Amino acid sequence: MASFTGSLSSAGQEDRIGFEVDTDHYNLNSRGAVDLIFLLSAEQSAQAPLDPGLISIESKEGGNVKVDTRKPDTADSTASIALASLTPGKYEIVVRSEHKTTGGYRLDVFLAGDANGDFKVDAADLQLIASLSGTKSSDPNYSPYADVDRNGVINGGDRQRADANLGAVAVPPQAENPLDQNLPEGALALVGASPDTFVSRNGLRFGLNGAEFDTTAASEFVLTINGLRVPASSLVTTAHLLTANVTLVDGRNNVSLKAYDTVGRPLYLTATLWAGSYTFQVNLVNPDGTPFTTQTSVVAALTDDPSVSEQAITTTGTVSFQNFPGRTILIKAKGIGNEIGTAGVLGYQGNVTIKMFGFNAPSSVDNNDFSLGTAGWTIPSGTPVWIVPHEEVISGFSSQGPVSTMAIGPGSIVDQDLMLGTSGQGERSISRTFTTAADTTAVKIRYRFITSEVPGGYCGSQWNDYFRVSIRSQLGGGNAGEANSMNGLGCGAFNGAGETNWREVILPVDKSGDTIQVDAGVANVGDALYDSQVVIDFVEEIKDQVRPQLAWNNTAGGLDLSWQVLNTALNNDVTINVYFASGPGYNNRLGTPVFSYTVPAGTQPGAGGPVHIDGTTLADDPAGTTYLIAASSPSQVASLRDVQIGYGPNADAGVVWASMIDTLKDGLRAAGQSQGAISSTARTPADQARAMFNNCLNHGAASQLAIYAAAGDAVINVYVNMTAGMTTAQIQANATTIRAAMEAEINAQGPSNVSHHCADPATRCVVDFSYDIFNASNRPLFVASVQGRVSTMLVEPSNHCYHLELG
């Protein structure tokens, strides 16, 4: 009647299989239930088969279960059996192995007493069982279907069990509905364009693999760019390629496509593309103006969104980029000797010459805190620089607690700051080079950005002033920094005066000592009317000894916290706190620690841990969480991306409720799984009606009646009745009226009764969530976290997913 397959790959593992008894699929016996046999066996092809263990049936929604027989072994077999009476409702079948065995399994479900295999229990079954009374499993005419309890002998007990189930009927398994089969991630994709790079303005192409576009429905495809629908006349559709003959705007293009394949499945793709038509040449030179021909990596990044970038390698000192938009582009060059050069340009400028700088001679002046003014800092002539009083709490931002563990001289390192300003168009920069003291484990710079473009009303415009801050180590070859802009940070990062909160960059360094160079720059872009500044609080040599690390644990779930003790044995206890955070830095932490661990005094140098952090403790993430961080001090911080959720081509991200996303993310954290994917969302009643109409028209109503239950059949019968006597041309001419009537019937029957994959997104959130990402160890952790928070959770083996519903 039904079969499920799976694998138990570790001792003690359980699999949970969703199962439903409903009156659309069963006629009940006189007791208002249906008696079923659950038989668990090892996969026949397995070389080292598992030994099936006891089967459990758990009621999850509305149903009651009474187990009659539950044995780990049937006669002459290692298969396990459960004979149970179930009333209508939703259940989970729990399967497990015995004796620590592992391997593939098969769970078969039979109608108890259905001796002749016609999916019903009637007088003919009772007669057959009676005629075989006394037959044993060793006899040639033995039938396991008549041996209801599978004890190896057909007897009066089997007839009694069949008689108790008299009248029960199971509708035979229906053909799989192709509408409910999800396409894999990446099946629908942009061709020749990517959200991560600069793209041409000349048209768009979308490729479809594993299915075909419905070319007859191209007029119903909806492609919008920045909210404006592209005319159907501009779309050219073939089986596997959709071409949009459009000109993208210079700059940001928010692209959204809804199309259909020949099965009737809706297809979705959304992307933000940055397009342009400008060619740009970068020329690298030494400080004396001669070509810089050392091998160099050149990265051109969009300041509106630094994730949009292109990289090139040159040994000639010249690089060309294509498709720049007329926006601010930050170009960063790094030579193999850790030489750097930077320039901010507008995409339409055509070219730029960038000077590459190595390391200056280290200064002997100890002035990382500006207690000696600007002494020891390299400041080009005419560069606007001021020493200003320190301002710790910035208007519009909350205090962030301690900023340093180090004090220098008679005062704190936060007494006064250096402000670097713009003057006219272009970049102004400063640097500092020094040698670290012994036992320094890292170097940190603390800074903030100010731009009068924000109060001037230009945030989001092409006048996008930028800043850069970096730390380099000469011997170690390390490099850390931030290069960003007003638009890249986003308007919400500034207060009304155009100020950000304090930010920081940290570079781990060799404890034996190294030459360090700090570089900072700020630039007016597009005009010289609104100035910007970088304010540097201090540069700090960090001697904190405990360097933490975080990693997802996809075996035990949750996180693993480890650490490294640097230099010498610890003199004091050091506590590592783990936080949710809105970014990778200490200043980005949100709320109180979710976990703390103390590394005791006396711990010797070297690696420690891991300590496991239970994933179920990571459920209450604050709004804005994008990272988890572990900090032993404000300067020793490890960051880890929070779990992320992607979308397949049959998934419309716009209809997924925030509560569903929260539930799925909590489940991923519980499982220690860094990412997951929603493979599909529910079809609307209109899309369901459209698909059913087209499939009835193209394949015949009879074929569709074979794959739907009673509610779906009622919808198909609307089609049958309304098209009686019509030609194909007449049906097509009346398609709008017929589809509207079918949609009305779907709503009357209840969308989810017609298909589990049909719902009104305003009242019910339905997603399929791929389970292929999980392994045998963390899959149960995900299920345990999620199942109590959704109204429906089913396993769909054919789609390799969990079917989840809320509402």
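Reader: Which residues are buried in helix 9?
Author: This is a predicted model, where local features need pLDDT of at least 70, side-chain atom pairs count only at pLDDT 80 or more, and totals for chains, interfaces and linings use all residues. Residues are numbered from 1 along each chain as its sequence is written, and side-chain values use heavy atoms, without hydrogens and water. Buried means under 20% relative accessible area, exposed over 50%, partly exposed in between (1.4 Å probe, protein chains only). In helix 9, the buried residues are Ala735, Ile738, Met742 and Ile746.

Reader: Why are these residues on the same side of helix 9?
Author: Take the directions from the helix axis to the C-beta atoms; the arc is theirs. Ala735, Ile738, Met742 and Ile746 are buried in helix 9. They share one side because their arc around the axis is only 80°.

Reader: Which residues are exposed on the other side of helix 9?
Author: The buried residues of helix 9 pack against helix 5, helix 7, helix 8 and helix 10; contact means heavy atoms within 4.5 Å. On the other side, the exposed residues are Thr736 and Ala748.

Reader: Which residue follows helix 9?
Author: Helix 9 covers residues 735-749. The next residue has a positive phi, near 95°: Gly750.

Reader: Is helix 1 roughly parallel or antiparallel to helix 2?
Author: Their axes, lines fitted to C-alpha atoms over the stretch in contact, are 9 Å apart, at an angle of about 175°. Angles run from 0 to 180 degrees between N-to-C directions; under 35 counts as roughly parallel, over 145 as roughly antiparallel, 65 to 115 as roughly perpendicular and the rest as oblique. So helix 1 is roughly antiparallel to helix 2.

Technical notes. Helices (H or I, at least four residues) and strands (E, at least two) are DSSP runs, numbered from the N terminus. The expected span of a helix is 1.5 Å times one less than its number of residues.
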